[in-house]
Amino acid sequence: MKSNLNYIISLLGVLFLGMQFQSCKHKEGEYHSINDKIESESKNYHGTTLSSEAFLGDIKTVEVTEGAHSFLIPERKSHIKSYACTECHSKPLNQMQGADSEEYQKAHWDVKMIHARELTMNCITCHDGNNMNELKSLTGASIDFNKSYQLCSQCHSNQFQDWKGGAHGKRIGGWAPPRVSMTCVNCHNPHQPAIQPKWPARFNTQKVLERK
């Protein structure tokens, strides 16, 4: 009886191993999953490797790594072309705002903050008052202007998780590697982040007549 039981157990083991090997045996053109198929067949698509580099134009990019995700984002600091922040922000912000002297360029005093309540946010909530060439976190840590998304992620954590995974925001160039994604400030005005309503690209005169 014991030998029969051992025989049955051995037979079941052989059958199980046979099923395992059979499940991994694929004919040519068959794959474990759709992701395997995409990865395999896109390596040499029509004699070339798929890439979106040709469609990036002259966009300067920097590489960032957030968690398990590494990708490129548009470089931003070079867009501050006229002068560094500290060339004008040579004194504390409250002194400069209250000054009547013409020696201070009043470039930003007309900026309206429509982001959160006045008691919650002001200029130095995000800008480093000690070094205006940098941003700062809620805990006072320095944040590079190229990585301003780290500032946004402190409050907008759900959107940040979606963004770094590729589900929020716009991808530049295409879906083929390398991944280049716009950051928060490429689409949202950081001082007034709500997307403003726009007329459609093709103006519908009939709809205007119907509204009258």
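Where in the chain is the place of Ser-137?

Ser-137 is placed in the loop that runs between strand 3 (135–136) and strand 4 (142–143); strands (E, at least two residues) and helices (H or I, at least four) are DSSP runs numbered from the N terminus. The model is predicted: local features need pLDDT of at least 70, side-chain atom pairs count only at pLDDT 80 or more, and totals for chains, interfaces and linings use all residues. Residues are numbered from 1 along each chain as its sequence is written, and side-chain values use heavy atoms, with hydrogens and water left out.

Ser-137 counts as buried because its relative accessibility is 9% (buried means under 20% relative accessible area, exposed over 50%, partly exposed in between, with a 1.4 Å probe and protein chains only). Leaving aside residues up to four places away in sequence, Ser-137 touches Ile-143, Leu-151 and Gln-154 (heavy atoms within 4.5 Å).

## Aromatic cluster

Ring pairs join Phe-71, Tyr-149, Phe-160 and Trp-163 in a cluster. Rings of Phe, Tyr and Trp (its six-membered ring) pair if their centres lie within 6.5 Å; planes under 30 degrees apart count as stacked, over 60 as edge-to-face and the rest as tilted. The count comes to four aromatic pairs. The pair of Tyr-149 and Trp-163 is tilted, because the ring planes are at 40 degrees, with centres 4.8 Å apart. Tyr-149 belongs to helix 5 (residues 149–152) and Trp-163 to helix 6 (residues 157–165).

Tyr-149 is buried at 1% relative accessibility, and Trp-163 is buried at 4%.

## Whole chain

The protein chain has eight helices and six strands. Of its 212 residues, 18% count as buried.
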